[in-house]
Amino acid sequence: MKKRCSSDNLYRLFIYTVLIIMAVSVLVPVIWVMTASVKEDGDFYGDPWRFPSSLDLENFAEAWESAHMGSYFLNSVTVTALSLLILLVTAIPAAYALSRFSFRGRGFIRTLFMAGLFINVSYLVVPVFLMLVDVNSLIGAPVLLNNHIVLSIIYAATALPFTVYLLSGYFASLPREYEESAYVDGASHPRTMLFVMAPMARPAIITVILFNFLSFWNEYIIAITLMTDDAAKTLPVGLMNLMKAQNAAAQYGRMYAGLVIVMLPTLFLYILVQKKLTEGLSIGGVKG
């Protein structure tokens with residue numbers, strides 16, 4: 001008995017040690033970036049770990065206005081919100097149908113969605129770009145490039161396999177008695193999905209919103225390929241331009257302020273939904 005308790009204690013000590021090391025490895029860079037964002041340029045030429053001599057909040061104002069991070073921020077908010085809307089409108093009905101109904105071709109469609117999980121989006125950027133260029137030439141106007149709606153549709157399409165996979169697994173775990181009660185009350189299939197099943201699947205929906213928000217918000221390769229106009233660029237692309245400019249000008253405070261502007265929305269969103277995220281991830285696997 002004592003030997004078993006000793007082994008359990010060693011196991012717990014090992015787990016806690018690993019968790020502490022991982023937490024420190026995440027927190028230290030975040031704290032360092034936030035501290036660097038309020039430093040004056042002269043503070044970077046001494047000890048990099050030294051706290052700033054004074055808080056230079058002008059870095060944020062200069063990054064927001066002079067470096068156009070404000071317009072990039074608005075572009076990212078527009079693209080991310082529209083991408084999530086398109087994704088949820090298409091993924092929720094698809095996942096509900098695949099998990100709750102039997103129909104011809106259901107297995108094949110699910111296999112296609114599963115196969116989509118293994119496709120690297122980076123490999124599709126050049127073909128998509130060439131396709132849009134060809135369509136523009138047929139139309140006679142460059143309407144598909146530097147277009148936030150087109151970018152949002154592409155983002156939603158790339159996230160569709162993972163979203164359908166996760167939501168279908170959650171829908172399949174819900175009892176059928178709720179649907180049967182709704183049908184007895186005269187509810188149609190769409191009404192049952194919207195007002196009965198979707199609210200019950202809220203933890204899974206919040207999970208996919210968070211994961212896809214992080215993906216859309218931080219996406220760089222597709223955005224830099226399709227958004228060639230400076231006014232249409234999203235925040236990650238604008239941040240890379242800012243980093244190049246500020247490195248050349250040795251204005252590091254403004255550069256780190258731009259990093260904080262990109263990072264804060266994701267941190268706030270995670271803090272708000274972390275409990276629902278854990279609940280949503282606890283339901284795994286695909287049934288049916």
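The model is predicted. The protein has twelve helices and zero strands. Along the sequence, that gives the pattern α-α-α-α-α-α-α-α-α-α-α-α.

How much of the protein is buried? Of its 288 residues, 38% are buried. The accessible surface comes to about 16800 Å², and carbon and sulfur atoms hold 68% of that surface. Contacts also reach along the chain. Among contacts with a separation of 6 or more, 72% join residues 24 or more positions apart.

Now take helix α8. It covers residues 189-200, twelve residues in total. From first C-alpha to last, α8 reaches 15 Å, close to the 16 Å expected at 1.5 Å a residue.

Which residues of α8 are buried, and which exposed residues sit on the face turned away from them? The table sorts them.

| Group in α8 | Residues |
|---|---|
| Buried | Thr 192, Met 193, Met 197, Ala 198 |
| Exposed, on the face turned away from the buried side | Arg 191, Leu 194, Phe 195 |

An α-helix has 3.6 residues a turn, so residues three or four places apart point the same way.

What covers the buried residues of α8? The cover includes α3 (69-100) and α6 (148-172). It also includes α7 (177-184) and α9 (202-218). On the face turned away from the buried side, α8 carries exposed Arg 191, Leu 194 and Phe 195.

Terms used. Residues numbered from 1 in each chain as written. Predicted model: local features only at pLDDT ≥ 70, side-chain atom pairs only at ≥ 80, totals over all residues. Heavy atoms only, no water. Helix = DSSP H or I, 4+ residues; strand = E, 2+ residues; numbered from the N terminus. Expected span 1.5 Å × (residues − 1). Buried < 20%, exposed > 50% of the residue type's maximum accessible area, 1.4 Å probe, protein only. Contact = heavy atoms within 4.5 Å. Areas by Shrake-Rupley, 256 points an atom, 1.4 Å probe, with all protein chains shown as cover.
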